[in-house]
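The sequence and structure are shown first, and an account of each space and its lining follows.

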Amino acid sequence: MSYRAPVADIAFTLKHSAGLKRAMDEGLYGDLTEDVVDAVLEEAGKFASTVIAPLNTVGDKLGTPFKDGAVTMPPGWKEAYTAWAQGGWNGLAASEHWGGQGLPHALNAACIEMWNSASMAFGIGPVLTMGAIEALDKHGAEPLKQKYLEKLTTGEWMGTMQLTEPQAGSDVGALRARAERAPDGTYRITGSKIFITYGEHDLTDNIIHFVLARLPDAPPGTKGISLFLVPKFFVNDDGSLGGRNDARCHSIEHKLGIHGSPTCTMVYGDNGGAVGWLVGEENRGLNCMFTMMNNARLAVGLQGVAIAERATQQAYAYASERRQGRAGANASAPIIAHPDVRRMLLTMRALTHAARAICYATGAAIDMATRAKDDAARKAGDQRASLLTPVAKAFSTDIGTEVASLGVQVHGGMGFIEETGAAQHYRDARIAQIYEGTNGIQAIDLVTRKIPMMGGAVVRGYLDELRKTVAAVRATNDPAFGAAGQRLSDAVESLDRATTWLIAKLDASPDAALAGATPYLRLFASAAGGCMLAEDALADVRGGNGSGRVALARFFAENIAVQAGGLETTVTEGADSISDAALRGAA
Ligand SMILES: Cc1cc2nc3c(=O)[nH]c(=O)nc-3n(C[C@H](O)[C@H](O)[C@H](O)COP(=O)(O)OP(=O)(O)OC[C@H]3O[C@@H](n4cnc5c(N)ncnc54)[C@H](O)[C@@H]3O)c2cc1C
């Protein structure tokens with residue numbers, strides 16, 4: 001089954017629980033109107049459903065053959081990419097100065113979801129280019145911007161992001177690629193990188209690599225890393241392409257999923273060193289890369305939402321057609337009539353909607369951080385984005401795999417058979433939990449850097465907002481919400497207690513805090529996601545509708561947020577069993 005972009009749901013979440021409408025009313029987006037937002041989403045949905053989605057299976061089946069140093073993308077991909085770039089989608093949130101459209105990050109987030117629902121392997125390439133644009137715009141010297149930013153913004157060239165080496169994965173500080181200063185102010189890059197997404201392909205006639213490397217006199221670890229722009233082909237002053245740089249793709253990986261995305265081993269310096277241009281300052285490369293990484297982390301979170309949405313659509317369609325067993329008087333009922341199948345489908349839908357709301361809210365916070373008029377509001381936006389980014393990345397990609405797995409389950413045996421398509425979603429989903437910082441690393445980031453921000457004041461401010469939603473649900477006295485008010489209140493208070501416990505442990509017993517990081521992130525998302533679904537439900541009720549959204553919010557609160565208590569216990573009481581097992585040789 002193909003993909004139909006759920007434009008109405010996307011628009012609703014964006015405007016309500018993610019806060020776009022309020023921000024528009026407050027003037028954050030200048031003269032942007034709801035009509036423009038709706039028109040952009042409509043067009044994106046059409047493009048994703050009709051142009052990109054049909055490429056998904058062909059990309060999976062044919063992959064990206066590699067021969068004589070070149071990658072051939074699957075049939076139809078170049079034409080689709082060119083049309084997509086010409087449609088202005090690559091620069092949707094990029095600066096108008098470089099040919100972008102200057103539209104909200106939150107709106108771009110919604111579009112990124114649609115590109116990736118249509119095809120994750122297609123969607124991941126532009127994500128890296130968007131990150132590259134942001135890093136170069138923020139940190140690059142003017143001549144570099146003049147030469148590269150416009151073509152990256154329009155998508156005429158694509159960008160890559162190159163950190164990983166065999167000995168340097170999560171531990172980026174261990175990287176060894178070298179950069180030597182050249183007399184003309186450029187640098188010579190030598191070394192190799194692994195797992196580089198879209199490191200080589202034939203979608204565009206140039207590829208601009210953003211490579212982390214170490215100067216000979218650099219301090220060890222993360223404080224000695226610099227960022228370099230290394231074009232595949234040199235660019236002449238008039239913008240035309242010159243000769244080939246000393247950078248090449250050595251091979252591509254054969255992967256579990258996203259077969260249409262070439263994952264390359266890159267080699268620099270066969271002939272004395274690739275010419276690189278410094279971005280930002282020497283030894284400050286990781287700071288620049290973080291600009292790209294935060295952007296990319298949200299986008300990868302959106303991949304989780306995207307694949308969950310697609311798997312959910314497919315599962316609903318199958319469950320409405322497939323007949324097995326009796327339900328009431330019906331001798332041969334569609335399986336959607338069975339409570340256990342309904343449970344699976346509702347879990348899929350509720351998790352997808354909650355992850356979507358968290359991701360879009362993160363995009364809205366990024367907008368606040370960059371667009372708000374006063375410093376205090378910009379700072380608050382930045383802190384909110386920092387707090388939510390690891391949750392958006394890890395929760396959404398965890399549920400991406402869970403939902404895709406449920407999708408296989410709903411199909412029964414047919415889910416395990418490739419031609420159904422459910423299996424591809426499951427295979428594709430799995431990588432998003434690993435790249436852009438594994439989900440374990442995201443949880444550690446949340447616990448060790450984000451919740452201690454401002455002595456815990458940032459997370460406590462967020463908890464207070466969640467409490468307001470809980471109070472609003474209770475104030476409705478609407479029986480359709482069932483026990484949602486109480487369940488969400490329990491979840492928020494569990495999150496509060498776990499937060500207090502973790503902040504105290506960070507100094508006293510850091511290993512105990514680290515042991516609880518992953519269940520804490522899930523607890524955070526259960527409380528936040530539940531409250532956001534409730535926010536959407538409340539907005540729908542205010543608009544005179546609401547039965548579907550209220551039912552979904554209730555389902556989440558009573559079946560998913562209710563797990564918060566167990567997660568709290570795991571966070572606060574689980575660490576001893578981990579250290580004890582290690583002592584006794586059981587782990
Ligand atoms: C398909 C694909 C595409 C990719 N694209 C890119 C790309 O474009 N650019 C790029 O630079 N990289 C890319 N990567 C690399 C990716 O970002 C890394 O694989 C990822 O960061 C994890 O590093 P690793 O594989 O070395 O795993 P490791 O770091 O060895 O981690 C293994 C396990 O140990 C855990 N772990 C590691 N350190 C810690 C710690 N300190 N505390 C707790 N747990 C820890 C991890 O969470 C993980 O579960 C890609 C990878 C793949 C598979």
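In this predicted model, helix H18 gives the most to the lining of the largest cavity, supplying three residues. The structure holds two cavities of 30 Å³ or more, and each is treated in turn below.

**The largest cavity**

The volume of the largest cavity is about 60 Å³. Its lining consists of Thr13, His353, Leu533, Asp536, Arg549, Leu552 and Ala553. Sorted by class, the lining has three nonpolar, two polar and two charged residues.

**The second largest cavity**

The second largest cavity has a volume of about 40 Å³. Around it lie Asn56, Gly59, Asp60, Ser119, Ala121, Ile258, His259, Gly260, Gln424 and Asp428, which form its lining. Helix H4 (55–62) and helix H12 (422–429) each contribute at least two residues to this lining. The largest share, three residues, comes from H4. By class, two of the lining residues are nonpolar, six are polar and two are charged.

| Cavity | Volume | Lining by class |
|---|---|---|
| Largest cavity | about 60 Å³ | three nonpolar, two polar, two charged residues |
| Second largest cavity | about 40 Å³ | two nonpolar, six polar, two charged residues |

Which helix gives the largest share of the lining of the second largest cavity? That helix is H4, with three residues, whereas H18 gives the most to the lining of the largest cavity.

Notes
Residues are numbered from 1 along each chain as its sequence is written. This is a predicted model: local features need pLDDT of at least 70, side-chain atom pairs count only at pLDDT 80 or more; totals for chains, interfaces and linings use all residues. Side-chain values use heavy atoms; hydrogens and water are left out. On a 1 Å grid over the protein atoms alone, a cavity is a set of points where a 1.4 Å probe fits but cannot get out, and a pocket is an open set with protein on both sides within 12 Å along at least five of seven lines; lining residues have an atom within 4 Å of a point. Grid points are joined across faces, edges and corners, and a volume is the space filled by probe spheres set on the points. Helices (H or I, at least four residues) and strands (E, at least two) are DSSP runs, numbered from the N terminus. Ala, Val, Leu, Ile, Met, Phe, Trp, Tyr, Cys and Pro count as nonpolar, Asp, Glu, Lys and Arg as charged, and the others, Gly among them, as polar.
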